[in-house]
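Thank you all for making the time this morning.

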Amino acid sequence: MPRSFARAAVALGVASLLGAAPWAASTAHAQASARTAFVHLFEWKWTDVAKECETYLGPKGFAGVQVSPPNEHNWVTSGNGAPYPWWMRYQPVSYNLDRSRSGTRAEFQDMVNRCNAVGVGIYVDAVINHMSGGSSGTSSAGRSWSYHHYPGLYSGYDFHSPVCAVNNYSNADNVQLCELSGLQDLHTGTPYVRGKIADYLVGLANMGVKGFRVDAAKHISPGDLGAIIDNVNSRVATRPYWFLEVIGAPGEAVQPEQYFGLGGGQVNVTEFNYGKQLYGKFANGRLADLETFGPTWGLMPSHKAVAFVDNHDKQRGHGGGGSYLTYHAGSTYNLANVFMLAWPYGYPSVMSSYAFNRASEYDTSFGPPHHSGGATKGPWDGNVSSPACFNQQIGGWVCEHRWRPIGNMVGFRNATLGTWAVTDWWDNDHNQIAFGRGDKGFVVINKEGAALTRNFKTSLPAGRYCDVISGDYLNGSCTGQVVTVDAGGYATLTAPPYGAAAIHVGARMR
Ligand code: LM2
Ligand code: CA
């Protein structure tokens with residue numbers, strides 16, 4: 001029986017610098033092939049996600065894709081003046097999959113099947129804290145709904161009452177029983193509501209969905225959410241991977257720790273401090289400080305955390321604001337992702353965006369590239385042989401996950417899982433750093449204006465390796481720099497200005 005690599009690593013007693021490997025407590029996403037990072041294909045259509053799994057994500061070793069909410073949702077033609085705002089999908093109208101902005105139920109099933117077939121799990125963004133905002137409307141499937149009235153699903157007593165607004169984060173009841181941004185708050189304490197939500201998630205798991213991001217988990221009490229998770233887990237053959245969106249802030253009544261024990265302690269939680277701290281170092285700080293990056297910086301234990309440089313909210317100032325690096329930062333964004341994917345902390349989520357501006361609420365509400373009428377114009381539209389990516393003009397798809405340093409570092413993370421520790425740390429006291437992952441890999445990150453060439457001490461076996469930042473490794477050959485590690489572990493690596501270099505045992509020359 002193929003044993004999870006992660007469990008094997010733990011069983012072998014692999015030492016960890018920064019806490020247990022995430023795989024110790026949450027193995028659902030650690031497959032035999034040791035896939036250790038996932039991507040959020042924000043607002044992608046199901047047909048496009050399927051093609052992306054087959055052509056890129058599977059071969060590159062991604063473990064999963066977080067997709068946008070698949071449920072029937074409110075249809076908003078204009079928000080803050082912007083056409084077809086992305087956030088309409090966070091206003092559920094039912095749990096019907098036919099149809100959301102990303103496509104039909106049949107397309108969704110086809111995507112799940114095709115991604116699973118190449119080792120890439122689908123993680124559904126589960127919006128279960130609330131239904132729509134507003135007083136009435138028409139859904140993505142053309143059905144009418146009105147306040148507290150969702151035909152065939154929910155009515156008055158299925159919502160928290162008396163109705164109140166979330167406005168006091170020092171009071172847990174206010175945060176969890178009131179309306180977040182005017183979104184009608186479900187009475188998640190009742191068996192009926194819990195049952196409807198659980199039925200939705202069990203249905204998805206039975207379709208082959210591998211995990212759930214629980215949206216606005218902070219606004220559902222741990223008791224209510226724990227009951228829903230247990231209900232789902234008890235009804236499916238294989239436990240899904242769960243990660244809960246709980247934004248931690250000092251002094252608030254609701255804290256991420258309150259959710260750690262849910263699902264028998266097998267859930268992860270989003271660590272919003274991770275990207276915030278990386279912003280502090282990569283945008284204007286000193287990379288040398290990162291030597292100790294981890295729980296001592298106030299981050300949750302590694303094995304509980306989903307780590308990310310930015311997400312769909314933070315990249316546009318939603319969800320409480322704060323400064324995060326985004327694709328707009330160009331090479332610096334690459335470097336932060338290279339660091340995240342090399343550093344043994346948490347389960348990393350790579351953000352993949354469509355182009356947007358950040359100057360106003362109009363800009364940050366702006367929906368994905370679309371045809372007239374609002375239908376999404378996907379990167380794979382038009383039966384092309386490669387997706388329309390790397391376009392940072394409005395109307396384009398950015399596809400950060402296909403930026404070579406980011407995509408290839410997923411392979412680095414997979415290949416280095418067995419050594420869940422940092423070795424051979426080096427820095428120049430400023431913004432040039434380098435570190436190893438024992439005998440599995442070595443990375444150099446240069447956030448300075450001059451190239452860095454140096455003979456580094458690594459712990460890699462002697463041999464010739466492909467630098468997966470300057471090129472791609474394919475079938476034993478390398479389109480970039482080939483680096484020689486000598487018998488003593490020394491290797492000369494070059495990282496260009498605001499660039500990086502990385503070698504690992506999964507990309508060794510034959
Ligand atoms: C989340 N996590 O907890 C999502 O990551 C985040 O993207 C969602 O907000 C939020 N929770 C609710 O699921 C987004 C967006 C909001 C937007 C909501 C609902 O950031 O701006 O709110 O989705 O679509 C919009 C309007 C807001 C209005 C509300 C209700 O922007 O002004 O409030 O709808 O009509 C009156
Ligand atoms: Ca709530």
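Let me begin with the overall division of the chain, which falls into domain 1, covering 38-416, and domain 2, covering 423-504. Please keep in mind throughout that this is a predicted model. The C-alpha centres of domain 1 and domain 2 are 33 Å apart, and the contact between the two involves 25 residues of domain 1 and 26 residues of domain 2.

How much area do domain 1 and domain 2 bury between them? The value is about 2,200 Å², and 65% of it is on carbon and sulfur atoms. On the side of domain 1, the residues that lose the most area to domain 2 are Leu-287, Leu-335 and Phe-412, which together account for 24% of what that side buries.

There is a polar part to this interface as well, with 14 residue pairs in polar contact across it, counting pairs in which both residues are at pLDDT 80 or more.

Now to charge. Side chains of opposite charge can pair when their charged atoms come close. Between domain 1 and domain 2 the count is two salt bridges, and a salt bridge you can pick out in the view joins the side chains of Arg-286 and Asp-429, with 3.1 Å from N to O.

The structure as a whole holds 18 salt bridges. Among them is the pair of Asp-381 and Lys-45, whose closest N and O atoms are 2.8 Å apart. This pair links distant parts of the chain, since Asp-381 sits in the loop between helix 11 (361-365) and helix 12, while Lys-45 sits in the loop between strand 1 (38-41) and helix 3 (46-60), a separation of 336 residues.

**Around the ligand**

Which residues come nearest to ligand 1? There are 16 residues around ligand 1, and of these Trp-87, Asp-215, Glu-245, Asp-313 and His-318 come nearest. For His-318, a polar side-chain atom is 2.6 Å from an oxygen atom of the ligand. The side chain of Gln-91 has an N or O atom 2.9 Å from an oxygen atom of ligand 1, and for the side chain of Arg-213 the corresponding distance is 3.1 Å.

**Some details of the backbone**

I will finish with the backbone, and with a reminder that most residues other than glycine have a negative phi, and most peptide bonds are trans. Against that background, Asp-98 and Arg-99 are joined by a cis peptide bond, with omega about 10°, and Arg-99 belongs to the loop between strand 4 (82-83) and helix 4 (105-117). Tyr-84 is also placed in the loop between strand 4 and helix 4, and its phi is near 45°, a positive value in a residue other than glycine. A cis peptide bond also joins Ser-161 and Pro-162, where omega is about 0°, and Pro-162 is found in the loop between strand 8 (144-146) and helix 5 (172-177).

Key:
Residues are numbered from 1 along each chain as its sequence is written. Chains are lettered from A and ligands numbered from 1 in the order in which they are written. This is a predicted model: local features need pLDDT of at least 70, side-chain atom pairs count only at pLDDT 80 or more; totals for chains, interfaces and linings use all residues. Side-chain values use heavy atoms; hydrogens and water are left out. Domain bounds come from an automatic or database domain assignment. Contact means heavy atoms within 4.5 Å. Buried area is the accessible area (1.4 Å probe) that two parts lose on being put together, summed over both. A salt bridge is a side-chain nitrogen of Lys or Arg within 4 Å of a carboxyl oxygen of Asp or Glu. A polar contact is a pair of N or O atoms within 3.5 Å; within protein, one must be able to donate a hydrogen and the other to accept it, and residues adjacent in sequence count only if both atoms are side-chain atoms. A residue is near a molecule or strand if one of its heavy atoms lies within 4 Å of it. Helices (H or I, at least four residues) and strands (E, at least two) are DSSP runs, numbered from the N terminus.
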